[in-house]
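I am opening a notebook on a structure that is new to me. I will write down what I looked up, one topic at a time.

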Amino acid sequence: MSNVVHILTRRPLDERLGTSVRPGECLVCFLRRMVGAQECLGSFTWAEHYRRSRAPRAVALERRLRSEGAACDCEVPGRVWRLSGSLLVRDPASGLLVEPAAAPRCSATRPASTKPCDNWSLARDLAL
Ligand SMILES: [Zn+2]
Ligand SMILES: [Zn+2]
């Protein structure tokens, strides 16, 4: 049984959540995939799901994400963590470096870690 329900339909998310974390997938790649393919449900629904299935002892995860500047799942990839520069592609129209349309493959983390993989850099460390 799960107490996680869809915020609008109130239907259990178990079917969508069940197999959603890929083996070795890091938190930030997972959130980017979920928020892109599904939707942001507000708050840290997906992060909490990741924590429960991969890193149950990381009980301070949500507090840490908030202190890093995210208010919900969709702000973790993009606002707190940015794709590393080597993964960006040049947009032919603007000439700017942008995130590729297809998410890069997760380069994987240790089990039970809530750290992102090498694909991501802390936004505040990227001097733009
Ligand atoms: Zn959001
Ligand atoms: Zn990753």
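**Entry 1: the largest pocket**

I began with the largest pocket, which 15 residues line in this predicted model. Nearest its centre I found Arg 22, Glu 25, Pro 104, Arg 105 and Cys 106. I then looked up the volume of the largest pocket, and it is about 230 Å³.

Which helix gives the most to this lining? I noted helix 2, residues 27–37, with three residues. I also sorted the lining by residue class. Eight of its residues are nonpolar, five are charged and two are polar.

**Entry 2: the zinc ion**

Next I turned to ligand 1, a zinc ion. Which protein atoms are its donors? I listed the SG atoms of Cys 40, Cys 72 and Cys 74, lying 2.2 Å from the zinc ion. I wrote the spacing of these donor residues in sequence as C-x31-C-x1-C.

**Entry 3: aromatic pairs**

How many aromatic pairs does a search of the whole structure find? I got two.

One is formed by Phe 30 and Trp 46, and I logged it as edge-to-face. The ring centres are 6.5 Å apart, and the angle between the planes is 80°. I placed Phe 30 in helix 2 and Trp 46 in helix 3, residues 45–54. The two residues are 16 apart, and the pair links distant parts of the chain. Both Phe 30 and Trp 46 are buried.

Phe 30 also pairs with Tyr 50, and I logged that pair as tilted. Here I have 5.6 Å centre to centre and 40° between the planes. This pair too links distant parts of the chain, with Phe 30 in helix 2 and Tyr 50 in helix 3, 20 residues apart.

Why does Phe 30 count as buried? Its relative accessibility is 0%, and burial means under 20%. Tyr 50 is buried as well, because its relative accessible area is 0%.

Notes:
Residues numbered from 1 in each chain as written. Chains lettered and ligands numbered in written order. Predicted model: local features only at pLDDT ≥ 70, side-chain atom pairs only at ≥ 80, totals over all residues. Heavy atoms only, no water. 1 Å grid on protein atoms, 1.4 Å probe; cavity = no way out; pocket = protein on both sides within 12 Å on 5 of 7 lines; lining within 4 Å. Points joined across faces, edges and corners; volume = space filled by probe spheres on them. Helix = DSSP H or I, 4+ residues; strand = E, 2+ residues; numbered from the N terminus. Nonpolar A, V, L, I, M, F, W, Y, C, P; charged D, E, K, R; others polar. Donors = N, O, S within 2.8 Å, 3.2 Å for Na, K, Ca; no water. Phe/Tyr/Trp six-rings, centres within 6.5 Å; stacked < 30°, edge-to-face > 60°. Buried < 20%, exposed > 50% of the residue type's maximum accessible area, 1.4 Å probe, protein only.
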